[in-house]
Amino acid sequence: INVYVDINPSVQLTVNRFNVVNKITYLNDDAKTVFSQSQVVGEKIENALNTIMAGLEESSYFETNSQLYVSGYSDKVSVENILAQYSNFCEDYMVNKELGVNVNCEKLTKEDVVKGIENKMSPVKNKFIDQLITMGEEFEESLDKNDLKDWTMENIKEKFKEFNDK
């Protein structure tokens, strides 16, 4: 299963059937900066997520960003329950640390993953940006994918709210 953790640093964790991280991929420069010293390969997913949450907290990302996304895709197993466990783990971290960050869970399709790779960003972020661009067209607002790819997940969610309020 491929698990993505996005706030603006975005990472992809490849997790095996024993819930051990086989690989971490940094999906943007922020992720390289924050996580390059983190040792998560070979760790149980819960330990890896704890390390990621701690890295985000230490780098002050939670102070300015209140939306975290845990998403995933697998062509071999159903991911809904697995993602729910992972997002619940992240939610527990937020509650225990009193961080006030919303944890969102999103199941991805193969198409979402392919498009994310094509556009060199996390699949969930790419999916939401495509939706924003489509919504922008409805309101005659031109949005550029290259401008939006550096936005935080919170900025993206706020733009959705702005369009929905129109």
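The side chains of Asp-6 and Ser-10 are joined by a polar contact of 2.4 Å (N or O atoms within 3.5 Å, one able to donate a hydrogen and the other to accept it; residues adjacent in sequence count only if both atoms are side-chain atoms). The model is predicted, with local features needing pLDDT of at least 70 and side-chain atom pairs 80 or more, while totals for chains, interfaces and linings use all residues. Residues are numbered from 1 along each chain as its sequence is written, and side-chain values use heavy atoms, leaving out hydrogens and water.

Asp-6 is placed in strand β1 (strands are DSSP E runs of at least two residues, helices H or I runs of at least four, numbered from the N terminus). Asp-6 is buried but has no salt bridge, and Lys-125, the nearest side chain of opposite charge, is 6.0 Å away. Here, buried means under 20% relative accessible area, exposed over 50%, and partly exposed in between, with a 1.4 Å probe and protein chains only; Lys and Arg count as positive, Asp and Glu as negative, with His and chain ends not counted.

Elsewhere, the structure holds twelve salt bridges (a side-chain nitrogen of Lys or Arg within 4 Å of a carboxyl oxygen of Asp or Glu). One of them pairs Lys-159 with Glu-141, with the closest N and O atoms 2.6 Å apart. Lys-159 lies in helix α8 and Glu-141 in the loop between α6 and α7, so this pair ties together parts 18 residues apart in sequence. Lys-159 counts as buried at 10% relative accessibility, whereas Glu-141 is partly exposed at 23%. Glu-141 also forms a salt bridge with Lys-166, at 3.7 Å between the closest N and O atoms.
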